[in-house]
Amino acid sequence: MSGAKVNLKNIFKSWNDTPALNDISLDIPAGKFTALLGPSGCGKSTALRIVSGLEEPSSGQVFIGGHDVTHTPPAARDIAMVFQSYALFPHLNVAENIVFGLRVRGIVRKDRDEKLKATAQLLGLSELLDRKPSQLSGGQQQRVALGRAIVANKSIFLMDEPLSNLDAKLRAEMREEIRALQHRLGVTMLYVTHDQVEAVTMADQVVLMNHGRVEQVASPRVMYENPATLFAAKFIGTPPMVTFSPQLLSHTLAPNLLQKSRDLTFGIRPESFTINNSGPINGTVGNIEYLGADTLIECKVEDEFLLCRAPGQTQLTEGAAINLAFNVKDLHVFNTTSGQRTDEILPEIEMALPSQNASSKLAR
């Protein structure tokens, strides 16, 4: 089994007068794991359903393996789907659920049995084939749903929030299993989730969506280290990127530089702050959250709040004065109005903070 590439070209989708997707163009590589990530209502499930053929776009084209399938029915698209609800037949046992689609398609008994045996071994279901869905755990039911997709021998797997019904421990286990499964099968996997942990830990490519538009398409590492927009900066990361106004550095930035920065928003990851008596940001310690290896420290600076991730053994008291330093290389700059990344001013800021950049405490 090998994957096929999927391409969306200028997809628009509206429900009556309500836009769901607004000019979506995507390249989903063959044999890779792509996650559609975003908050509820961003259009990610609609995009998946358009790829599957369960919905048609208002305009635009869908290509699978280089062929235009915009108006092709789902059964002819070489896809297998796994839904949030596992959609298992309660009156059929595990074996019957897995091979149900093969029976409908008229696959002979011998071939069905061979596919069932191989799939059950792959998913660790060999001892459960006689059980009904009601006798299975949530993780086992999810494996049965995956098994039904695997035996179909399709090149593209579409998954719509498949782990949302599981508890945290099972979700973590199933993340590993699904990722390993995709590697072994070499299929193209398009996976919808609102959970950034799922997207970042599983995907080769993340498509971050917001209000029916694509905010950024990148690997998890690139999206974390170089978010293209303010939305991406705040959506990716736990805790998310800290953002603040140029006024917090007003005593270190020259007046003309501060004037040039007035329409900008600065951002930095909490772990990039260093507690340093000579740091350019002066504030007061607010809430302290001890997490064992780390401590999250809320710092009030004038009317703004910053979050610093410090080592767990850091000892501070609420209300104490604190100075934060950072490496300018860890600073991100966004246009406040458009939300787009704009780093052109960073060299000037770097020159305005020479002592900070020279500090060994701030070196990467």
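This is a predicted model: local features need pLDDT of at least 70, side-chain atom pairs count only at pLDDT 80 or more; totals for chains, interfaces and linings use all residues.
Local features require a pLDDT of at least 70 and side-chain atom pairs count only at pLDDT 80 or more, while totals for chains, interfaces and linings use all residues. Residues are numbered from 1 along each chain as its sequence is written, and side-chain values use heavy atoms, with hydrogens and water left out.

**Stop 1: helix H2**

Select residues 94-104, which form helix H2. Helices (H or I, at least four residues) and strands (E, at least two) are DSSP runs, numbered from the N terminus. At the start of H2, display Asn93: a side-chain oxygen of this residue reaches to within 3.2 Å of the backbone nitrogen of Ala95.

Next, colour Val94, Ala95, Asn97, Ile98, Val99 and Leu102, which are buried in H2. Buried means under 20% relative accessible area, exposed means over 50%, and partly exposed lies in between (1.4 Å probe, protein chains only). The buried residues of H2 pack against helix H3 (109-123) and H4.

**Stop 2**

Axes are lines fitted to C-alpha atoms, for helices over the stretch in contact, and angles run from 0 to 180 degrees between N-to-C directions. Angles under 35 degrees count as roughly parallel, over 145 as roughly antiparallel, 65 to 115 as roughly perpendicular, and the rest as oblique.

Show the side chains of Val94, Asn97, Ile98 and Leu102 in H2, which meet Val144, Gly147, Arg148 and Val151 in H4. Contact means heavy atoms within 4.5 Å. By class, five residues in the contact of H2 with H4 are nonpolar, two are polar and one is charged. Here Ala, Val, Leu, Ile, Met, Phe, Trp, Tyr, Cys and Pro count as nonpolar, Asp, Glu, Lys and Arg as charged, and the others, Gly among them, as polar.

**Stop 3: H4 against H5**

Keep H4 and select helix H5, residues 168-185. H4 and H5 pack at about 15°, with their axes 11 Å apart. H4 is therefore roughly parallel to H5. On the H4 side, the contact is made by Gly139, Gln142, Arg143, Leu146 and Ile150, and on the H5 side by Leu170, Met174, Glu177, Ile178, Leu181 and Leu185. Seven nonpolar, two polar and two charged residues form the contact of H4 with H5.

**Stop 4: Asp68**

Select Asp68, which lies in strand S5 (residues 67-68). Is this residue buried, partly exposed or exposed? Asp68 is partly exposed, with a relative accessible area of 42%. The side chain of Asp68 makes polar contacts with the side chains of Gln61 (2.9 Å) and Thr70 (2.5 Å). A polar contact is a pair of N or O atoms within 3.5 Å; within protein, one must be able to donate a hydrogen and the other to accept it, and residues adjacent in sequence count only if both atoms are side-chain atoms.

**Stop 5: Thr265**

Finally, select Thr265 in strand S12 (residues 264-268). Thr265 counts as buried, at 13% relative accessibility. Show Thr336 as well: a polar contact of 2.8 Å joins the side chains of Thr265 and Thr336. Not counting residues up to four places away in sequence, Thr265 touches Leu230, Thr243, Phe244, His332, Val333, Phe334 and Thr336.
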